[in-house]
Amino acid sequence: MGERIAVVGGGVAGLTAAYLLSRCHDVELFEKEQRLGGNAYTYATNEGEVVDIAVAAFGQAGYPLFYRLLDELGVQTSRSPSAYMSFHDLDTHRGLYITPSPGGLIRQGFQLFQPDQAAAVWRLLKGVRHLRSMLHAGRLADLTIAEALEEIPALHGMARVMFLCTLCLLSSQSSEEVLSAPATFFAHKLDVHHDVISPKAVWSVRTVQGWTRAYVQALAKPLKDRVRSGAAVHRVRRHADRVDLVLDDGTTRSFQRVVFACHADQALMLIDHPTAAEQHLLGAWRYKSGRVVVHRDHSSFPSRSLQQAYTFLYTQRNGRIDTSVNGTLRFEPGVDKRCDLISSQHPNFDIQEDKIVLDTWLRTPVFDADSCATIEDLPCLNGQQRSYFCGAHMGHGLHEDAVRSAARVAAMLGVEFLR
């Protein structure tokens, strides 16, 4: 069975690394939580409703390796042609609602086709093209998103609101964090995932049949009893001939290699005597815990027919845009269309306590100037002192990056999946 390898972290990166490595090695996966999947979070209510509360949709343009993995696992996907976006101002109770159904168009009075709203959508698409052209011309170096926007006239007014809301969706960051982030990072992200802010999303963005738990379970299946859920690693001690994992319960497990598939700051805290390179590259990362509330409170939302798969509730006060990302869960495949559940990430509105079904927190990386500067160099840590690293933070923060970084580690250890 090759070498004994420990994988620390049961998110998509850790599951993919363990799944691939188990073909040739004796792999054991350690996850401190009782649940696998990380931000791939399928939740079942007491009433038996099953929904994905975080990650749910994937564009084919930017997820080639992830879709190949789904094919190998036998996990099916489907188009979501009715899943669009709506943008609702919490102060004016007006907005722009991309609701192409007859009921949605009637409810909004066909405002989507009025010149000002149609022009806002056109300016958004034009502004994204402008941003990508600036990237290819090398004109974004050392600029933040806020500074880049000053050079893109099309992205003003409602077009800017839609642009920032979408970047918040793609990064789990606030609009202020997005504005201060390196423009090259987000421009490259939109260049790779070019079917997100585009009409191509109608046929390119797909959702998983059986919810995200379908691929989480499929990835874990070959490991059988080698998955240790609720097993928190306290310390990792590396030696010339082995790696020792000290668990929170005081026990020590010895392996020949270790794969850190946890967050960068967590990996740095676990490592006994980290190298200077590890301190520099892993220490640049900071994380935030974002609140996620699954609820039935529609009082701050537009009418049901104006809600979409993603409904952004935003405010514009003192020149600052603040938004929450809200998933209208009835748009997910397999969910009853009568479902009234909403998953709100970073809610910027009051939610009635008696209508909350789940109130939790998900931890995500902050892509700022310091962290983004390390992304290109993070892979150089692999193979040093019997240690390897993978995770979504080693790219754009998405599933594709988690899978690709895990496949890179697997290739170094004799299991080829990259092409």
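**Aromatic contacts and exposed residues in a predicted model**

A373 is found in the loop between α13 and β20 (387–389), where helices (H or I, at least four residues) and strands (E, at least two) are DSSP runs numbered from the N terminus. The model is predicted, so local features need pLDDT of at least 70 and side-chain atom pairs count only at pLDDT 80 or more, while totals for chains, interfaces and linings use all residues. Residues are numbered from 1 along each chain as its sequence is written, and side-chain values use heavy atoms, with hydrogens and water left out.

With a relative accessible area of 55%, A373 is exposed, given that buried means under 20% relative accessible area, exposed over 50%, and partly exposed in between (1.4 Å probe, protein chains only). The C-alpha atoms of A373 and V192 are separated by 19 Å, and these two residues are 181 apart along the chain.

Rings of Phe, Tyr and Trp (its six-membered ring) pair if their centres lie within 6.5 Å, and planes under 30 degrees apart count as stacked, over 60 as edge-to-face and the rest as tilted. K189 lies over the face of F367, at 5.9 Å from the ring centre; a charge sits over a ring if NZ of Lys or CZ of Arg is within 6 Å of the ring centre and within 35 degrees of the ring normal. In another such contact, the charged end of R68 sits over the ring of F417, 4.2 Å from its centre.

The structure holds 13 aromatic pairs, and one of them is the edge-to-face pair of F58 and Y215, with 6.5 Å centre to centre and 70° between the planes. This pair links distant parts of the chain, since F58 is in strand β5 (residues 57–59) and Y215 in helix α10 (residues 213–220), 157 residues apart. F58 counts as buried because its relative accessibility is 1%, and Y215 is buried with a relative accessible area of 1%. F58 and Y215 also belong to one aromatic cluster together with Y63, F66 and Y67.

Elsewhere, F110 lies in the loop between α3 (102–107) and α4 (115–136), and F110 counts as partly exposed because its relative accessibility is 43%.
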